[in-house]
Amino acid sequence: MKLYGYFRSSAAFRLRIALNLKGLAYEGAAIRLRRGDQSQPPYLGVNPQGLVPALEIGDERLIQSLPIIEYLDETHPEPPFLPQDAIGRARVRALAAVVACDIHPINNLRVLRYLGRPLGHDQGAIETWYNHWIASGFAALEALLAEDHRTGQFCHGDRPGLADIALAPQVVNSQRYNLDLAPYPTITRIFETCMKLDAFAAAHPERQPDRDE
């Protein structure tokens, strides 16, 4: 298997965690991005959204981190990333989607273009909006987790799953923007539990052998 990604990509971080948890060997292919590269043809050819990562398996190239992680879970069922019961699976998928879609829009090109129109090149103003949307997403997720009896050591029960794999990279990225995590004690607790596991810690961008600066 060959994983295409750039080291700060949240989605590539997720895939590294998933591959590590499954104990699967893979070759990392570092994509070096400059500003605007994601929207250029060579990267659109890797992923139609213009974003890495992609996972190459034989002659197949899969895109989008959450479907890839579910593929890995189906083809390598131990340890499982989703609960056995249908309600539990739906809950975990929903939590993962909240994380992937709502918390961290920094790498979403549509959000960047939207912000760029009224704010121009005012990076300070853009980062203010980044933090606004990230904090809003964290607050919603905190409420979902804190009020649900199915939240345990991890987002669902007492073993890491799809939602935790999605969450940990977003917390790491939020730290880059100095977001105050104090209002999100459940998220912070789950994140700290995850990062004590080598599968999560080894996937951290700063521990990758070939980083893009």
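User: What share of the contacts between residues at least 6 apart in sequence join residues at least 24 apart?
Analyst: It's 70% in this protein, with contact meaning heavy atoms within 4.5 Å. Keep in mind that this is a predicted model, where local features need pLDDT of at least 70, side-chain atom pairs count only at pLDDT 80 or more, and totals for chains, interfaces and linings use all residues. Residues are numbered from 1 along each chain as its sequence is written, and side-chain values use heavy atoms, leaving out hydrogens and water.

User: What does the secondary structure come to, and what counts as a helix or a strand?
Analyst: There are 9 helices and 4 strands. Along the sequence the pattern reads β-α-β-α-β-β-α-α-α-α-α-α-α.

User: Why are H7 and H8 called roughly perpendicular?
Analyst: H7 (residues 162-176) and H8 (residues 185-195) pack at about 105°, with axes 10 Å apart. Axes are lines fitted to C-alpha atoms, for helices over the stretch in contact, and angles run from 0 to 180 degrees between N-to-C directions. Roughly perpendicular covers 65 to 115 degrees, under 35 is roughly parallel, over 145 roughly antiparallel, and the rest oblique. The angle of about 105° therefore makes H7 and H8 roughly perpendicular.

User: Which residues meet there, and how do they divide?
Analyst: From H7 you get Asp164, Leu167, Ala168, Val171, Val172 and Gln175, and from H8 Ile187, Ile190, Phe191, Cys194 and Met195. They divide into 9 nonpolar, 1 polar and 1 charged. Nonpolar is Ala, Val, Leu, Ile, Met, Phe, Trp, Tyr, Cys and Pro; charged is Asp, Glu, Lys and Arg; the others, Gly among them, are polar.

User: What makes H1 and H3 roughly parallel?
Analyst: H1 (residues 10-22) and H3 (residues 65-75) pack at about 10°, with their axes 9 Å apart, so they count as roughly parallel. Their contact divides into 7 nonpolar, 1 polar and 3 charged residues.

User: Why is the pair of Phe138 and Tyr184 called stacked?
Analyst: The structure holds 1 aromatic pair. Rings of Phe, Tyr and Trp (its six-membered ring) pair if their centres lie within 6.5 Å; planes under 30 degrees apart are stacked, over 60 edge-to-face, and the rest tilted. Phe138 and Tyr184 have centres 5.5 Å apart and planes at 25°, so the pair is stacked. Phe138 is in H6 (residues 123-146) and Tyr184 in the loop between H7 and H8, so the pair ties together parts 46 residues apart in sequence. Phe138 is buried at 0%, and Tyr184 is buried too, at 8%.

User: What makes Lys22 lie over the face of Phe81?
Analyst: A charge sits over a ring if NZ of Lys or CZ of Arg is within 6 Å of the ring centre and within 35 degrees of the ring normal. Lys22 is 4.2 Å from the ring centre of Phe81 and lies over its face.

Key
Helix = DSSP H or I, 4+ residues; strand = E, 2+ residues; numbered from the N terminus. Buried < 20%, exposed > 50% of the residue type's maximum accessible area, 1.4 Å probe, protein only.
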